[in-house]
Amino acid sequence: MTALLEIENLQTHFKTEGGVVRAVDGVDLKVNEGEVLGIVGESGSGKTVTALSALRLVDEPGKIVGGSIRYDGRDVLSMNKKELTQLRGDRISMIFQQPRVCLNPVISIGRQITELLKQHRDISSKEARNTAISLLNSVGIPDAEKRFSAYAHELSGGQAQRVMIAIALALKPRVLIADEPTTALDVTIQAQIIELLRELCREMGTALVLVTHDLGVVAELADRVAVMYAGQVVEETDVETLFSNPQHPYTQGLLSSMPVLGQRAERLTAIPGTVPKPSDMPPACRFAPRCKTRISLGMDICNQEPPQLLRTAKGSVRCWAIEGAS
Amino acid sequence: MTDMILEEQQTFGKPTGSNFARAMRRLLRHRSGQVGGGVVLVLVFCALAGESILPYDPLSIDPINRLKPPSAEHFFGTDELGRDLFSRILYGSRYTLMIGLVSTVIAATFGITMGLLAGGGGKWADMLIMRVVDVLLAFPYILLLLAVVAILGPSLWTAMIAVGVGGMPGYARLIRGEVLAQKDAEYVEAMRALGASHLRILFGTILPNVLPQMVIYASFTIPLAILAAAALSFLGLGAQPPIPEWGAMLVDARTFLRTAWWVVAAPGMAIFVSILGMNLFGNALRDVLDPKEMSK
């Protein structure tokens with residue numbers, strides 16, 4: 001099966017006064033038709049920039065300096081402005097972390113949907129209105145006909161995210177990129193939104209790229225997971241394997257730092273240290289300074305040569321310890 | 001399931017109507033909105049009602065009754081040609097309003113377009129447009145007006161165009177700043193992610209968000225435009241006699257300042273009251289259209 005969205009060796013760099021920041025440095029990702037790909041990682045690991053890069057939404061001083069992005073076999077990086085605006089929203093759509101500020105504050109939510117519909121499709125105002133109302137219904141906005149003329153500030157966070165989902169899915173895109181869609185919401189609302197995303201994407205056959213730092217959300221939704229660290233994918237595998245048999249020391253650390261419901265540990269296990277500053281990257285393996293495995297095995301190569309992405313049974317992993325063992 | 005839907009309905013506030021209806025309600029409760037709005041309404045009424053409400057013909061000369069002080073017959077007295085000042089003031093309101101509106105529309109249309117393109121059109125457009133704006137601002141205001149009138153010749157219309165040109169840079173600067181501030185807002189980013197083109201984002205997404213600021217700015221520049229046009233008329237470069245434009249009336253009257261105060265007082269007070277009213281109205285507009293207040 002060919003991948004719907006294929007990112008290869010993506011490099012997005014930011015030119016700052018303190019030098020070049022390699023926010024995304026050699027990321028490979030594949031999104032197949034209809035699947036849910038989770039991208040997890042700490043803040044600053046480059047997951048949001050990867051997502052933005054996929055739609056070429058990275059602003060100055062950021063720039064995609066290398067790699068390729070292909071949607072359905074077409075090269076996204078060489079598209080002109082017109083092709084890009086057709087791609088965005090129509091084929092690949094995106095929702096963001098802060099739903100309330102992502103809606104235009106002075107235009108009613110209904111009009112925001114109908115304008116999008118009319119921009120991309122050749123339909124009448126009345127058809128657009130009907131479609132918008134049925135969309136609002138399908139994302140669980142009660143009394144959609146009345147709510148059609150509501151404004152963003154009249155909605156709660158959860159409602160606003162539902163509206164955002166309705167807008168993002170209005171044109172039945174084949175890929176939906178959700179950048180931390182539940183981070184700003186209450187836990188109970190989070191569950192509802194996750195359920196909604198799952199249902200709608202399954203219904204429409206839309207592939208979902210879920211960017212999050214919440215492993216719980218990933219476990220709930222994703223088919224496959226890519227774990228990012230310091231601008232690179234360190235491990236990629238299907239969701240069961242990730243939780244049952246994590247390979248990369250960073251993934252192991254992430255999983256063990258999750259509190260287990262019903263068990264009170266003295267202290268949560270944390271990964272020592274912090275994500276390295278992009279301007280001050282470790283020369284070889286980027287996780288090496290924080291890596292328990294490296295210390296316990298006393299490996300030197302981790303500080304000398306960057307590890308390559310290694311194919312495993314269910315996916316791939318970037319670690320010298322695994323490569324040495326196999 | 002029913003429980004969930006019930007709960008969700010409660011998360012909505014009471015239905016509050018459109019932004020416009022809410023702003024109007026707040027405006028009617030606002031004290032200076034009431035006073036200023038009253039003055040503006042009277043002005044608009046006088047301008048629209050036309051000749052039918054005038055006690056005398058504003059242009060007919062009556063030498064026998066020249067320079068009569070205010071009386072029951074002539075509320076504001078008569079001028080040096082015996083014309084009824086009350087009628088002339090009422091009739092002149094249409095010129096005043098027209099000058100204010102036309103010149104502001106000219107200034108706003110060009111200024112807003114320039115500002116949008118400067119703020120959203122990239123480095124070169126920004127450089128080019130803002131340098132033009134700087135040049136316009138570098139001229140002393142009245143000199144700029146005189147220059148435009150000198151090119152087009154003195155008349156009521158050229159006065160309006162001149163005042164409009166003079167007002168453009170203010171709009172351009174204001175809206176450019178607003179565009180720069182809004183350009184990186186999340187909802188703009190979201191629009192881009194949904195495939196909106198550059199122009200659509202500028203005119204369809206950002207412009208509606210900065211319009212309240214524009215309305216407020218306009219409410220302050222309309223009286224300024226009227227004053228500027230009156231000044232031009234005063235210099236003999238605006239409305240030409242016998243048009244009862246207030247500024248022009250003031251010029252004609254100044255010779256009689258010592259002998260017949262009412263000839264000067266009538267147009268002077270008319271300008272004063274209407275400018276005051278419009279400023280009060282502008283204050284009220286600023287309060288009710290404040291985006292932070294809107295969401296209450």
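A salt bridge is a side-chain nitrogen of Lys or Arg within 4 Å of a carboxyl oxygen of Asp or Glu. In chain B, Arg83(B) and Asp79(B) meet in such a bridge, with N and O 3.0 Å apart. The structure is a predicted model, in which local features need pLDDT of at least 70 and side-chain atom pairs count only at pLDDT 80 or more, while totals for chains, interfaces and linings use all residues. Residues are numbered from 1 along each chain as its sequence is written, chains are lettered from A and ligands numbered from 1 in the order in which they are written, and side-chain values use heavy atoms, with hydrogens and water left out.

**Salt bridges**

- Over all chains, the structure holds 22 salt bridges.
- Arg286(A) pairs with Asp25(A), and their closest N and O atoms are 2.7 Å apart.
- Arg286(A) lies in the loop between α11 (249-256) and α12 (292-297) of chain A, whereas Asp25(A) belongs to strand β2 (residues 19-31) of chain A, so the pair ties together parts that are 261 residues apart in sequence. Helices (H or I, at least four residues) and strands (E, at least two) are DSSP runs, numbered from the N terminus.
- Arg286(A) is buried at a relative accessible area of 11%, and Asp25(A) is buried at 11% relative accessibility. Buried means under 20% relative accessible area, exposed over 50%, and partly exposed in between (1.4 Å probe, protein chains only).
- Asp90(A) and Arg121(A) form a salt bridge with an N to O distance of 3.1 Å.
- Asp90(A) sits in the loop between α2 (81-87) and β6 (92-95) of chain A and Arg121(A) in the loop between α4 (109-120) and α5 (125-138) of chain A, so this pair ties together parts that are 31 residues apart in sequence.
- Asp90(A) is buried at 9% relative accessibility, whereas Arg121(A) is partly exposed at 32%.
- In the pair from chain B, Arg83(B) is buried at 6% relative accessibility, and Asp79(B) is buried at 4%.
- Salt bridges that share partners also join Glu6(A), Glu8(A) and Arg70(A) into one network.

**Strands and sheets of chain A**

- Four strands of chain A form an open sheet in the order β2-β1-β4-β5, with antiparallel pairing. Two strands pair if DSSP finds at least two bridges between them.
- β2 and β5 (74-75) of chain A stand at the edges with a single partner strand each, so one side of each is left without a neighbour in the sheet.
- Strand β1 (residues 5-16) of chain A is joined to β2(A) by ten bridges, and His13(A) has Arg22(A) in β2(A) as its bridge partner.
- Strand β8 (residues 207-212) of chain A is mostly covered, since six of its six residues are buried.
- On one side of β8(A), Ala207(A), Val209(A) and Val211(A) are buried, and on the other Leu208(A), Leu210(A) and Thr212(A) are buried.
- Strand β3 (residues 36-40) of chain A pairs with β8(A) in the parallel sense over five bridges, and Val40(A) has Thr212(A) as its bridge partner.
- Strand β7 (residues 175-179) of chain A also runs parallel to β8(A), joined by five bridges, and Leu176(A) has Leu208(A) as its bridge partner.

**The largest pocket**

- The largest pocket holds about 1200 Å³ of space. On a 1 Å grid over the protein atoms alone, a pocket is an open set of points where a 1.4 Å probe fits, with protein on both sides within 12 Å along at least five of seven lines, and lining residues have an atom within 4 Å of a point. Its volume is the space filled by probe spheres set on the points, which are joined across faces, edges and corners.
- Of its 34 lining residues, the closest to the centre are Val58(A), Asp59(A), Lys81(A), Arg192(B) and His198(B).
- α2(A) gives the most to the lining, with five residues.

**Chain B**

- Chain B has twelve helices and zero strands.
- Of the 296 residues of chain B, 47% count as buried.
- The C-alpha atoms of chain B fill a box of roughly 85 × 50 × 25 Å along the principal axes.
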